[in-house]
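Here is a friendly briefing to read alongside the sequence and the 3D view.

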Amino acid sequence: MNNVYIYEHTLASKRYQKTLERLETRLTDLGLSGKIYRLAPMTRVEEIVRDEIRKKSKTIVAVGSDLLISRVASLMAQSDIPLAIIPIGENSICATSLGIDSENACRILAARRIVTLDLGKTNTGSIFLSQISVTASNPVILIDKEITARTEGSTNIQVVNVLPDEFGYRGPVASPEDGRLNAYILKTQSGFLKKDISQSSFVCQCLEFVSGPYKAILDGGLETAGIKEITVLPKALSVIVGKERKF
Amino acid sequence: MFNKNGIAGAGREGIETIIGSSVKIEGNFVCQGGIVIEGEVKGTISTAGFLEVGEKAIVIADVTAKEGKIAGEVRGNIRVEGYLELSASAKIIGDIEVMSLSIARGAIIKGKCHVNVGDLKTAKNSKPEVSNDNE
């Protein structure tokens, strides 16, 4: 059983060449080297991940941005194999939330501190590790099939499994180990200088858009449509995390 | 008195739910943590933590909480196991059952007020020590 590394297609750019050389040297030094898949823009990561799960690889390591990390995490849901993350490129919300930064990612992988985390799931089958964002007009939201929340005008609804501290929403800090999601309903002042004028916060297992469906943005900026319901998948993913994580 | 969980502002420990000023809620709230209400709520509210009702909030619900601070309007019966603070802007239309109470000048209460009733779990079967109708 070996580690398997999946490189995001954007890492083929010359600007990442030295970073990847340093990474591979460090992994070899730590005795962590393994098979590398270098994705091309049209390569389907689904088949790679499913194949490696079937072969019972030791660890599947997503190397790149949140877009790849979230995609791999969603494909690994309910599998026994741990996901590891090496963030390269744009700031990774997923990695930061889990206490991982690019400097220490190899050391964290070597330490193999494995936790089992919840994931979020939509009615369309999309899965997210960190958050999903929906912007809706006059939304009516059913929380845990019990409580109805209404707002007027354009409203942003953030459903969070785990986020770094700097997002600073009011209310409880989201924990990906509590079997619940945090829903933040944000009403923003219109105009050039947009600022939050009201924020509501709920901890729930299920959130249904009675007035939906809506478009949504998942981890890493992936857009998806037809979102009507968001639920939690408790303890769905084993992940190697850093000790700097905030949950 | 309020413990550290009852201090207003962002990042409070113990808060489970915040209902912002732009949100209208209907339903039965049951939670273990604190609830801050700045918008409108209809239904029932039950928390093992503290309840804070903001100045512009409107609550049409029977309320049960461990501790409370009310600055807005509550239409319903209020039962608080510990300390309840009514600010000057508070308007209560309903009965209050509480262990310890402070009422700021200007607060309005239309209903019965039972203070220091001992064990609130058996309070329904016992006579209140203090009864105050202020209509």
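In this predicted model, the largest nonpolar core is made up of 106 residues. Inside that core, the residues with the most contacts are I6(A), V61(A), V72(A), L83(A), I85(A) and A183(A). Helix α3 of chain A, residues 66-76, gives the core its largest share, seven residues.

- In soluble globular proteins, nonpolar side chains tend to be buried together.

**Two helices of chain A**

- How are α2(A) and α3(A) oriented to each other?
- Helix α2(A) covers residues 45-54 and packs with α3(A) at an angle of about 45 degrees. The axes of the two helices are 10 Å apart.
- Angles under 35 degrees would count as roughly parallel and those from 65 to 115 as roughly perpendicular, so α2(A) and α3(A) are oblique to each other.
- The crossing of α2(A) and α3(A) is right-handed.
- From α2(A), the residues V45(A), E46(A), V49(A), R50(A) and I53(A) take part, and they meet R71(A), V72(A), L75(A) and M76(A) of α3(A).
- Six of the residues in this contact of α2(A) with α3(A) are nonpolar, three are charged and none is polar.

**Chain B**

- What are the elements of chain B, from the N terminus on? They run β-β-β-β-β-β-β-β-β-β-β-β-β-β, which amounts to 14 strands and zero helices.
- Chain B has 135 residues, and 41% of them count as buried.
- Taking the contacts in chain B between residues at least 6 apart in sequence, 9% join residues at least 24 apart.

**Where the two chains meet**

- Chain A brings 18 residues to the contact and chain B brings 17.
- On the side of chain A that touches chain B, at least two residues each come from β9 (147-150), β11 (181-188) and β12 (196-204) of chain A.
- Which strand supplies the largest share of that side of chain A? The strand is β12(A), with six residues.
- By type, the side of chain A that touches chain B divides into six nonpolar, eight polar and four charged residues.

Technical notes: Residues are numbered from 1 along each chain as its sequence is written. Chains are lettered from A and ligands numbered from 1 in the order in which they are written. This is a predicted model: local features need pLDDT of at least 70, side-chain atom pairs count only at pLDDT 80 or more; totals for chains, interfaces and linings use all residues. A nonpolar core is a set of buried Ala, Val, Leu, Ile, Met, Phe, Trp, Tyr and Cys residues joined through C-beta atoms within 7 Å. A residue is buried if 20 or more other C-beta atoms lie within 10 Å of its own, exposed if 12 or fewer, and partly exposed in between; C-beta atoms are placed from the backbone. Helices (H or I, at least four residues) and strands (E, at least two) are DSSP runs, numbered from the N terminus. Two residues are in contact if their C-beta atoms, placed from the backbone, lie within 7 Å. Axes are lines fitted to C-alpha atoms, for helices over the stretch in contact, and angles run from 0 to 180 degrees between N-to-C directions. Angles under 35 degrees count as roughly parallel, over 145 as roughly antiparallel, 65 to 115 as roughly perpendicular and the rest as oblique. A crossing is left-handed if the near helix is turned anticlockwise from the far one by less than a right angle, and right-handed if clockwise. Ala, Val, Leu, Ile, Met, Phe, Trp, Tyr, Cys and Pro count as nonpolar, Asp, Glu, Lys and Arg as charged, and the others, Gly among them, as polar.
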